[in-house]
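User: I'd like to go through this structure with you, starting with which chains touch. Can you take a look?

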Number of protein chains: 4
Amino acid sequence: MGKPQTRRKDTRQRILDVALELFLERGYDQTSLREIAERLEVTKAALYYHFRTKEDIVDALVGGIGERLDELIAWARAQPTTLETRRELLRRLNEALEEYSPVFQFLQENQAALRGRAGPKTARDRMQALGTLLTDPQSPVLDRVRSLSALFTVYFGTFATSAMEGTPEEKRAALLQVAWEQIDAAHAAHSGK
Amino acid sequence: MGKPQTRRKDTRQRILDVALELFLERGYDQTSLREIAERLEVTKAALYYHFRTKEDIVDALVGGIGERLDELIAWARAQPTTLETRRELLRRLNEALEEYSPVFQFLQENQAALRGRAGPKTARDRMQALGTLLTDPQSPVLDRVRSLSALFTVYFGTFATSAMEGTPEEKRAALLQVAWEQIDAAHAAHSGK
Amino acid sequence: MGKPQTRRKDTRQRILDVALELFLERGYDQTSLREIAERLEVTKAALYYHFRTKEDIVDALVGGIGERLDELIAWARAQPTTLETRRELLRRLNEALEEYSPVFQFLQENQAALRGRAGPKTARDRMQALGTLLTDPQSPVLDRVRSLSALFTVYFGTFATSAMEGTPEEKRAALLQVAWEQIDAAHAAHSGK
Amino acid sequence: MGKPQTRRKDTRQRILDVALELFLERGYDQTSLREIAERLEVTKAALYYHFRTKEDIVDALVGGIGERLDELIAWARAQPTTLETRRELLRRLNEALEEYSPVFQFLQENQAALRGRAGPKTARDRMQALGTLLTDPQSPVLDRVRSLSALFTVYFGTFATSAMEGTPEEKRAALLQVAWEQIDAAHAAHSGK
DNA sequence: CATGAATGAGCCTTCATTCAT
DNA sequence: CATGAATGAAGGCTCATTCAT
């Protein structure tokens, strides 16, 4: 009754939350399981009851996002490669990025630390897949760069605008509009020929 | 007495080369001084003759780039804030990025690992300074995003296009043109008012 | 009410079987309770329902054999110290060894790991007791070695001949005959004087 | 001047000595590197300067003995398979065993703990090779057991007689004589046919 | 210039064990 | 009977760093 000895059911989720928190604060390699355990006020061994290794924590953290993007890619592949599809793809990508924002930031900032693991390898593949879906393969370099630029705008802009003034909706709309202008331009030049 | 004995092409530089190589291959935190020493076929202690700490190696690696960018920022600040200045700023930024390409990649991929160190803190500051120099502070969100997008295009495009087909010159030109279009648009909307 | 429900052939015995199996495969110290539980498809905690500690499992495993040998020793002590008694002692020892063969092998291969535990201390005592029963204390070194050799022949031969060709009966008979020849020789020299 | 800070040259050998000492006292698995380091009054990390892993310590410990036995086996193979050769083989084996007595005891008592390592696999092979060299392959089971028994006598007797009264020379002579009688018997029966 | 030897801190991981349910 | 969750202790190992030579 004195101590909060509640056998919490959601320890697993709490571990993930705190881990992400610390990974963002101090970086993956510099975050030890001891620190995670301490902030949770459990022992290191408790973490190992829920996750077999430190990497497993990362996997659980980034797992959802992978599926989310794969769905997105699958959806885009099933659509006709029209300008409209591409606009919608960027919109959905922005949506996904905002939903998983902290995890994306974690992946972004810890690329090197996670190299060799399962996650990031496919992360790069996914970025590439998205790039391909936004570009016509036979289009000139200039248009391919425009498409790439649109992707960057949505991808990095989602994080970079967080410090910018303005309402989230306003910024989001601006991001999408700019990205759209870029694929519009890529498309126009190419199909107008 | 004039020149150093150049026994093996300057050990200090060889250390930096190998360190960067390994930092890019395996990440900063996952690269131990032992590995660097082994690849160089010297002892760990030898590294300590040339650098006081592991961080000192990073500092030496990213030192030049910092000055380079600071010069760039200083130059831009000394210019009138015209469209032409901004175009030239992007051009020079692209030049700097290509010159220091591997170091930039290292900084990019190891953000989290280097957090808290001297380098990256100012790195973020510099990115921000560049962003500010490309935007008019009182311009609407949409234009600020356009400028940001121009910066991303040059910044990330320099790395991302390395796998793309086309000659380096061609890709470089395309990158700059796309970035220019974006600040042009930002500028036009704003000044046309 | 009479018989236990024998739900799955007596869990306690299954634990012992699997434990012995694993102790032989991987060694006592290298076998964790987790492994035992996993192979049994129960939880670790279930083991603790049946055995208070890991050592208790060992004790249950080697318990029977201890009593068996103690009986053997008690029997031999109650007999006159004749050649015939010694022959019969070796025969019964061989019988016991074959009956408990895997447990003996376990004890044999894990002597060091079990040191300090209850079992093996007395195991050594028993070996010594057997040695004493096969030798006349005042006999010359040579004859004492002969008796020791007879003991080794039965003791280690039981395991060592398992890979040898021939029927078990044949090998067993050979083992005993050789051991007998040795105590015969020890006896003859001594009593013939 | 106060503390014995002498940078001792022979730390590597001291590690091996203390390791063997502790492995014999408490068993391989139950001896931690911390304990070895403490008894040596150095840090654990110092051990790792001299040996890459705990297993490497074992390898260094049992390395010499392997070569010793391989030489012995090679020598025996180069001789004619006469009774005289076999006698001499047993004599030399006894010599080797006494020379490396503690290491043999360590291998003997920690068989299970060392399973899967390099050492013991070949240890078993060597025992078998010695067994083969002492027996004629086509001889009857009884004679093969006699040869095996001779091997046991020398092999285990070397350790088992350490507690027995009598001078070392006396015991050694007795051991060899008993072993010889056994191969003599094996040989006589076989060649007398 | 450079090395061999060593340290102190810390890391990830595993283990035997406990206990409320 | 049995489990899910957790603990405390310890283990093997690696790392950045130091220093006498």
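Analyst: This is a predicted model. Chain A and chain D make no contact, and their closest C-alpha atoms lie 21 Å apart.

User: And chain B with chain D, how far apart are their nearest C-alpha atoms?

Analyst: They are 12 Å apart, and chain B and chain D do not touch.

User: OK, chain C and chain D then. How many residues does the contact take from each?

Analyst: It takes 38 residues from chain C and 38 residues from chain D. The area buried between chain C and chain D is about 3200 Å², with carbon and sulfur atoms giving 59% of that.

User: Why quote an area for that?

Analyst: The accessible area lost when the parts come together is often used to give the size of an interface.

User: How many salt bridges between chain C and chain D?

Analyst: The count is 6 salt bridges. One of them pairs D:E109 with C:R115, where the closest N and O atoms are 2.7 Å apart. There are also 12 residue pairs in polar contact between chain C and chain D, counting pairs with both residues at pLDDT 80 or more.

User: Which helices of chain C supply that side?

Analyst: On the side of chain C that touches chain D, at least two residues each come from α1 (11-26), α6 (101-109), α7 (111-114), α9 (141-160) and α10 (168-191). α9(C) gives the most, with 12 residues. By class, that side of chain C has 14 nonpolar, 11 polar and 13 charged residues.

User: Now chain B and chain A. What are the residue counts there?

Analyst: The contact takes 38 residues from chain B and 38 residues from chain A. About 3100 Å² is buried between chain B and chain A, and carbon and sulfur atoms give 59% of it.

User: How many salt bridges across chain B and chain A?

Analyst: The rule finds 6 salt bridges across that interface. Among them is B:E165 with A:R144, the closest N and O atoms being 3.7 Å apart. The polar contacts between chain B and chain A come to 12 residue pairs, both residues at pLDDT 80 or more.

User: And which helices of chain B are on the side that touches chain A?

Analyst: α1 (11-26), α6 (101-109), α7 (111-114), α9 (141-160) and α10 (168-191) of chain B each supply at least two residues. The largest share of that side of chain B, 12 residues, is from α9(B). Its residues divide into 14 nonpolar, 11 polar and 13 charged.

User: Switching to the DNA. Which residues are closest to DNA strand F?

Analyst: The closest are A:T43, A:Y49, A:H50, C:T43 and D:Y48, out of 39 residues that surround DNA strand F.

User: Last one. Where does UniProt place the DNA-binding region on chain A?

Analyst: The UniProt record, an unreviewed entry, places the feature "DNA-binding region" at residues 32-51 of chain A. In the model that span is 75% helix and 0% strand, and its end C-alpha atoms lie 14 Å apart.

How values were computed. Residues are numbered from 1 along each chain as its sequence is written. Chains are lettered from A and ligands numbered from 1 in the order in which they are written. This is a predicted model: local features need pLDDT of at least 70, side-chain atom pairs count only at pLDDT 80 or more; totals for chains, interfaces and linings use all residues. Side-chain values use heavy atoms; hydrogens and water are left out. Contact means heavy atoms within 4.5 Å. Buried area is the accessible area (1.4 Å probe) that two parts lose on being put together, summed over both. A salt bridge is a side-chain nitrogen of Lys or Arg within 4 Å of a carboxyl oxygen of Asp or Glu. A polar contact is a pair of N or O atoms within 3.5 Å; within protein, one must be able to donate a hydrogen and the other to accept it, and residues adjacent in sequence count only if both atoms are side-chain atoms. Helices (H or I, at least four residues) and strands (E, at least two) are DSSP runs, numbered from the N terminus. Ala, Val, Leu, Ile, Met, Phe, Trp, Tyr, Cys and Pro count as nonpolar, Asp, Glu, Lys and Arg as charged, and the others, Gly among them, as polar. A residue is near a molecule or strand if one of its heavy atoms lies within 4 Å of it. UniProt positions are given in the numbering used here, feature names are shortened, and annotations may be inferred rather than shown by experiment.
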